[in-house]
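I opened my notebook today to look up a few places in a protein model and write down what I found. Come along and check each entry with me.

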Amino acid sequence: MSPDTAIDQCLPDEPEQDCLLRLSKLVGRLFHVPVAYMALLGTDLKVITRIGSGSEYWDTLRTYPLAATLAGPVVWQEDSRRPVGFLNGKIKFLAAVPLRSSDGLELGVLVIADLKPRPEFSKEDHETLGELASVLAGKMELRLMAFQATESERSVLEAELRFRSIADAVPVMIIYSGEDGGTSFVNAAWLEFTGRSFEEELADGYEDLLHPDDRERVIKEYWDALHQRKSLVLRFRLKNRDGEFRMMEGRGRPRVLDNGIYAGYIACLIDLTDQQLSILDLHLNESARRPAATPGA
């Protein structure tokens with residue numbers, strides 16, 4: 001069994017006995033004798049997973065100053081100088097090597113121990129253990145990266161679900177696009193205004209609703225704002241479910257999640273038509289009440 005194969009089958013989320021058993025066999029094969037105890041520790045020096053007699057050996061091993069192993073490999077033999085406070089008990093041999101990511105981040109410690117001394121444990125054996133730890137650290141780093149990616153994806157999904165739920169509850173028209181600029185969501189108020197299906201509005205479907213005289217300008221300014229990730233305020237005419245063009249004010253801005261991920265572009269639309277008609281009526285009424293100018297005056 002190769003180190004890669006053994007470690008692929010031995011990652012921290014597996015059950016204790018199953019996880020390090022294959023790796024223990026590999027270590028035994030490399031060093032020609034089996035080990036009584038093997039443990040994978042986290043950066044807090046607590047056991048993530050192990051094989052061996054559990055608390056019996058760990059209660060002994062935990063008295064060793066394992067924090068020192070985060071700085072570099074450690075090998076202790078029964079006839080070596082015993083660190084202050086170390087109660088070795090039945091343990092006659094201990095080797096520990098730090099696990100680090102490719103950029104030096106501490107991932108934990110790999111510890112092996114035995115009830116028999118290992119006077120034959122050579123410098124080459126020590127280097128082999130270090131290489132084994134490097135492979136294990138690489139696999140742990142990949143698992144950590146995959147976990148972080150999954151967590152990030154889950155966070156984005158949860159944020160999207162919360163956003164859509166809130167957006168559907170407000171009376172303002174909302175349109176939202178992803179990073180590629182294509183529409184990926186419109187809220188219930190938008191669908192009520194247009195009278196169209198959700199599917200019809202996806203991608204660039206909204207462009208069909210823009211007034212022909214406004215379409216080119218609106219699309220250009222939208223894409224400029226999207227690419228530059230800047231806010232935008234636009235006025236344009238949009239067709240409603242009755243085929244009437246209504247004057248809208250759109251306010252858009254880039255959407256960035258709490259974790260800093262750029263999630264696309266969001267815009268809210270307000271119908272200004274009735275407001276503009278009221279202003280026009282007011283002006284007309286004022287003009288009608290104003291006395292006509294006297295000729296020659």
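**Entry 1: a loop residue**

Where is Leu-105 found? I looked it up in this predicted model, and Leu-105 sits in the loop between strand S4 (93-100) and strand S5 (106-114).

Is Leu-105 buried, exposed or partly exposed? I noted a relative accessibility of 46% for Leu-105, so Leu-105 counts as partly exposed. I then looked for its contacts, leaving aside neighbours within four places in sequence, and found Leu-99 and Arg-100. I also checked Thr-43: Leu-105 is 62 residues away from Thr-43 in sequence, and their C-alpha atoms are 10.0 Å apart in space.

**Entry 2: helix H7**

Next I turned to H7. I counted 17 residues in H7, and its first and last C-alpha atoms are 25 Å apart. That is close to the 24 Å expected at 1.5 Å a residue.

Which residues of H7 are buried? My list has Asp-214, Val-218, Ile-219, Tyr-222, Ala-225 and Leu-226. I found a general rule that helps in reading such a list: an α-helix has 3.6 residues a turn, so residues three or four places apart point the same way. Then I asked what covers these buried residues, and the cover includes strand S6 (173-177), S8 and strand S10 (262-271).

Not counting residues up to four places away in sequence, Val-218 touches Leu-210, Leu-234 and Phe-236. I also wrote down the pair Val-218 and Arg-237, which are 19 residues apart in sequence and 9.8 Å apart from C-alpha to C-alpha.

**Entry 3: two positive phi values**

I went looking for positive phi angles in residues other than glycine. One of my finds is Ala-203, with phi near 60 degrees. Ala-203 lies in the loop between helix H6 (198-201) and helix H7 (212-228). With a relative accessible area of 43%, Ala-203 is partly exposed.

What follows H7? Arg-229 does, and its phi is positive too, near 55 degrees. I placed Arg-229 in the loop between H7 and strand S8 (232-239). Arg-229 has a relative accessible area of 47% and is partly exposed.

**Entry 4: the nonpolar cores**

How many residues does the largest nonpolar core have? I noted 23, and those with the most contacts inside this core are Met-173, Trp-190, Phe-236, Leu-238 and Leu-269. The elements that give two or more residues to the core are S6, helix H5 (188-194), H7, S8 and S10. H7 gives the most, with 5 residues.

Leaving aside neighbours within four places in sequence, Trp-190 is in contact with Met-173, Ile-174, Ile-175, Glu-201, Tyr-206, Leu-209, Leu-238 and Leu-269.

I also found a second, separate core of 17 residues. Among its members are Tyr-57, Trp-76, Phe-86 and Ala-96.

How do S8 and S9 run? They are antiparallel, and 8 bridges join them. In this pairing I saw Arg-235 standing opposite Glu-249 in S9. The hairpin of S8 and S9 has 5 residues between the strands, and there Gly-243 takes a positive phi near 80 degrees.

I moved on to S9 and S10, which pair in the antiparallel sense over 9 bridges. Here Arg-251 has Cys-268 in S10 as its bridge partner. The hairpin of S9 and S10 has 5 residues between the strands, and Gly-260 takes a positive phi near 90 degrees in it.

**Entry 5: an arginine in S9**

My last stop was Arg-255, in strand S9 (residues 245-256). Is Arg-255 buried or exposed? Arg-255 is buried, with a relative accessible area of 11%.

What does the side chain of Arg-255 join? I found a polar contact of 3.4 Å between the side chains of Arg-255 and Tyr-176.

Conventions:
Residues numbered from 1 in each chain as written. Predicted model: local features only at pLDDT ≥ 70, side-chain atom pairs only at ≥ 80, totals over all residues. Heavy atoms only, no water. Helix = DSSP H or I, 4+ residues; strand = E, 2+ residues; numbered from the N terminus. Buried < 20%, exposed > 50% of the residue type's maximum accessible area, 1.4 Å probe, protein only. Expected span 1.5 Å × (residues − 1). Contact = heavy atoms within 4.5 Å. Core = buried A, V, L, I, M, F, W, Y, C linked by side-chain atoms within 4.5 Å. Polar contact = N/O pair within 3.5 Å; in protein donor to acceptor, adjacent residues only side chain to side chain. Pairing = 2+ DSSP bridges.
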